[in-house]
Amino acid sequence: MLEPLRQGLPPLDPAAVSNSASCALPARLEAVREARQFTRKTLGQWDVGDRFDDVCLVVSELVTNALRHALPASARDADEQDAPVRLHLMRWTSRLVCAVRDPSHDGPVAGDSDDFSAESGRGLFLVDSFADSWGWHPLAGTLSGKVVWALFLLPAGPVCAE
């Protein structure tokens, strides 16, 4: 298990965030597609095209991990439209954070990335490869579970001369 890590995570001051968006995801594997569509639409509105493919891949992996490993079997088998997983996208001027909240207290476990023929177990390896930084931390207060996040550095915008 990876130790909780907050290094590289921008301050969570809501006033410093340029844009933010979130969506609730039901306990179905089809929610991964919904998360990608939400991310694609949101990044298009924010004009963050340079990191689009990397961000969508990482969102897919983080949501897949939450749905496969962080939910009790009863939540995955339930017919109800409960949404135990939530995707948050937050954009600062030069950074973008994708955060996936789930109800589990267990930290993410990196699989063995040496077996490239395996059909699963490489999600966190991909997150590490495509994001500029990533980590996780337990939720505090009235919220239960954890957040797994990935940070993407964005290219600096044009400098305006006065």
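Is aspartate 53 buried or exposed? I looked this up before anything else. Aspartate 53 is exposed, since its relative accessible area is 60%; I took buried as under 20% relative accessible area, exposed as over 50%, and partly exposed as in between, with a 1.4 Å probe and protein chains only.

Ground rules. I worked on a predicted model, in which local features need pLDDT of at least 70, side-chain atom pairs count only at pLDDT 80 or more, and totals for chains, interfaces and linings use all residues. I counted residues from 1 along each chain as its sequence is written, and side-chain values use heavy atoms, with hydrogens and water left out.

Overall layout. I found four helices and five strands in the protein chain. Helices (H or I, at least four residues) and strands (E, at least two) are DSSP runs, numbered from the N terminus. Read from the N terminus, the order of elements is β-α-α-α-β-β-α-β-β. The chain has 162 residues, and 41% of them are buried.

Helix 2. I went back to aspartate 53, which lies in helix 2. This helix covers residues 52-69, 18 residues in number. From first C-alpha to last it reaches 26 Å, close to the 26 Å expected at 1.5 Å a residue; the expected span is 1.5 Å times one less than the number of residues. I listed its buried residues, among them Val55, Cys56, Glu61 and Asn65. I also checked aspartate 53 against phenylalanine 130: they are 77 residues apart along the chain, and their C-alpha atoms are separated by 9.3 Å.

I traced five strands in an open sheet, ordered 1-2-3-5-4, with antiparallel pairing. Two strands pair if DSSP finds at least two bridges between them. Strand 1 (19-25) and strand 4 (133-138) are at the edges with a single partner strand each, so one side of each has no neighbour in the sheet. On average, neighbouring strands are turned by 15 degrees against each other, direction ignored. Axes here are lines fitted to C-alpha atoms, for helices over the stretch in contact, and angles run from 0 to 180 degrees between N-to-C directions.

Strand 3. I looked at residues 95-102, where six of the eight residues are buried. Strand 3 is joined to strand 2 (residues 85-91) by six bridges, antiparallel, and a hairpin of three residues connects the two. Arginine 91 has leucine 96 of strand 3 as its bridge partner. Strand 3 also runs antiparallel to strand 5 (residues 146-153), with eight bridges. Strand 5 in turn has six bridges to strand 4, where glycine 135 is partnered by tryptophan 149 of strand 5.

Cysteines. Which residue stands opposite cysteine 98 in strand 5? I found alanine 150 there. Cysteine 98 counts as buried because its relative accessible area is 0%. I then searched for disulfides (a pair of cysteine sulfur atoms within 2.5 Å) and counted zero. For cysteine 98 the nearest cysteine sulfur is that of cysteine 56, 8.5 Å away. Cysteine 23 is buried too, at 13% relative accessibility.

Rings. I noted that the charged end of arginine 95 sits over the ring of tryptophan 92, 5.9 Å from its centre. The rule asks for NZ of Lys or CZ of Arg within 6 Å of the ring centre and within 35 degrees of the ring normal.
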